[in-house]
Amino acid sequence: MTQFPAVRTTDRSGPVRLGERAARTLVAELARINAPKAALLVGAVPGSAVLAAAIEAMLPGDTLTVVPADRVGAAALREHVTAQGRWVADRVRVVESLTEAEPAGVVIAADAFTGTADEARVAIEALTKYLADGAVLSVATAVARTAGAAAELDRQGALYGVGDDLVLRNSPPVRVYRLRFTPAQAASAERLAPAYRPSSVPLTRGMHIDSNGLAAAGIALGMAALTRLARPKSKLWLLPALAAAPVAAFFRDPERDVPEDPSAVVAAADGRVLSVQRLADERFGDGEFLRIAVFLSVLDVHVNRSPVAGKVVDYFVADGGFVNAMKPDAEHNVAAYTVLDTTHGTVVVAQRTGLIARRIVQRAPIGALLARGERLGLIRFGSRTDVYLPADAAEPLVGPGDKVIGGASVIARWR
């Protein structure tokens with residue numbers, strides 16, 4: 001059976017197993033495309049979490065071509081697929097080797113890459129031949145213990161990456177890379193649903209905590225433990241211990257029902273509208289922009305979302321101060337600008353720091369496609385988020401003082 005040049009999936013520490021969370025992350029690009037598409041899964045094993053996640057992600061009209069791993073036969077894989085029922089069997093095609101596959105919109109390597117950098121490079125080159133224009137290749141590698149493959153994927157990510165996710169809840173932890181070797185059109189983003197992100201840790205069905213919150217709470221609890229060890233008779237350890245829960249709450253990340261109306265522009269953040277104004281900004285092109293500024297208090301959700309569907313074409317940080325975000329001088333605060341190309345023109349999301357907020361997190365690299373309402377980052381402990389829309393193409397639906405909900409409230413409509 002002729003396979004693509006395989007990268008080892010075991011090392012001296014044992015096999016790299018992709019659990020349910022890692023598998024869901026690996027197939028996230030397949031799951032978010034709300035249109036008929038062809039997908040290719042390479043290196044599949046009957047009963048694996050990755051194969052199960054890929055089948056679960058399929059919609060009516062989708063097709064999935066599956067190439068078995070070297071250690072299993074196509075017959076065993078076909079038997080497993082057939083056992084899933086008629087709906088699956090009609091849409092999943094098992095082939096003997098990669099040479100029988102056709103180009104697909106999403107290509108997924110079912111095994112985590114280990115081994116050397118050269119092995120990873122050869123395997124990636126083999127898989128790129130099966131990518132349709134604008135398609136994404138999803139691959140994973142174990143963290144820390146496979147330096148060769150990880151280094152090569154880091155290099156590929158720097159050149160062609162449109163996102164990566166760290167999955168700590170796996171044995172061992174893995175990093176999933178999404179690579180695109182040919183450009184995608186901005187219009188493609190309109191067919192996407194918000195991507196699954198393992199950085200958002202579920203607490204309940206409707207409430208998550210961003211990984212930054214878990215790290216902050218962990219630091220607080222660590223300080224409490226050290227304080228108690230250093231001063232066992234003191235009650236000072238209670239201060240950081242009691243602070244852990246409210247600190248984590250700052251980073252809550254609730255699920256949101258994003259409006260399906262294609263003309264809707266949604267809020268990029270929770271908070272209160274500070275201003276709605278027309279202005280010119282040469283950094284983003286000619287013509288006027290409609291800017292809707294929203295202030296986030298320390299009690300608001302701090303996760304930022306994309307107001308529209310589009311392609312990230314630029315990202316830059318402007319230096320400045322740290323004045324109160326409610327004051328006019330906040331115009332000159334440190335800010336991170338994410339520039340999106342959309343079918344309606346250029347749209348910009350500005351994440352501004354404030355008096356307390358000093359740290360901006362942006363997770364949407366240049367080249368990434370963002371669905372409307374998709375998480376793109378966060379601002380730690382409040383501040384302000386501005387949305388710039390082409391003034392002649394958008395009609396505002398909110399005014400100063402209005403309360404908005406990120407990803408759910410409609411702040412404007414395309415004309």
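This is a predicted model: local features need pLDDT of at least 70, side-chain atom pairs count only at pLDDT 80 or more; totals for chains, interfaces and linings use all residues.
The buried residues of α9 are Pro240, Ala244, Val247 and Ala248. These residues cover an arc of only 90 degrees around the axis, so they sit on the same side of α9. The general rule behind such patterns is that an α-helix has 3.6 residues a turn, so residues three or four places apart point the same way. What covers the buried residues of α9? The cover includes β11 (207–210), α8 (211–230) and β12 (252–254). On the face turned away from the buried side, α9 carries the exposed residues Leu239, Leu242 and Ala245.

Attention now turns to the surface elsewhere. Val143, Leu166 and Leu168 form a nonpolar patch there, with about 240 Å² of accessible area together. Leu168 lies in the loop between β8 (161–167) and β9 (174–179). With a relative accessibility of 60%, Leu168 counts as exposed because the cut-off for that label is over 50%.

Another loop, between β7 (131–142) and α7 (147–160), holds Ala144. Is Ala144 buried or exposed? Its relative accessible area is 77%, so Ala144 is exposed. Ala144 and Val174 are 30 residues apart in sequence, and their C-alpha atoms are 8.8 Å apart in space.

Definitions and conventions. Residues are numbered from 1 along each chain as its sequence is written. Side-chain values use heavy atoms; hydrogens and water are left out. Patches are made of residues with over 30% relative accessible area and no salt bridge: like charges are joined within 9 Å, nonpolar side chains (Val, Leu, Ile, Met, Phe, Trp, Tyr) within 5 Å. Accessible areas come from the Shrake-Rupley method with a 1.4 Å probe; for residues, only the protein chains shown count as cover. A salt bridge is a side-chain nitrogen of Lys or Arg within 4 Å of a carboxyl oxygen of Asp or Glu. Helices (H or I, at least four residues) and strands (E, at least two) are DSSP runs, numbered from the N terminus. Buried means under 20% relative accessible area, exposed over 50%, partly exposed in between (1.4 Å probe, protein chains only). The arc is that of the directions from the helix axis to the C-beta atoms. Contact means heavy atoms within 4.5 Å.
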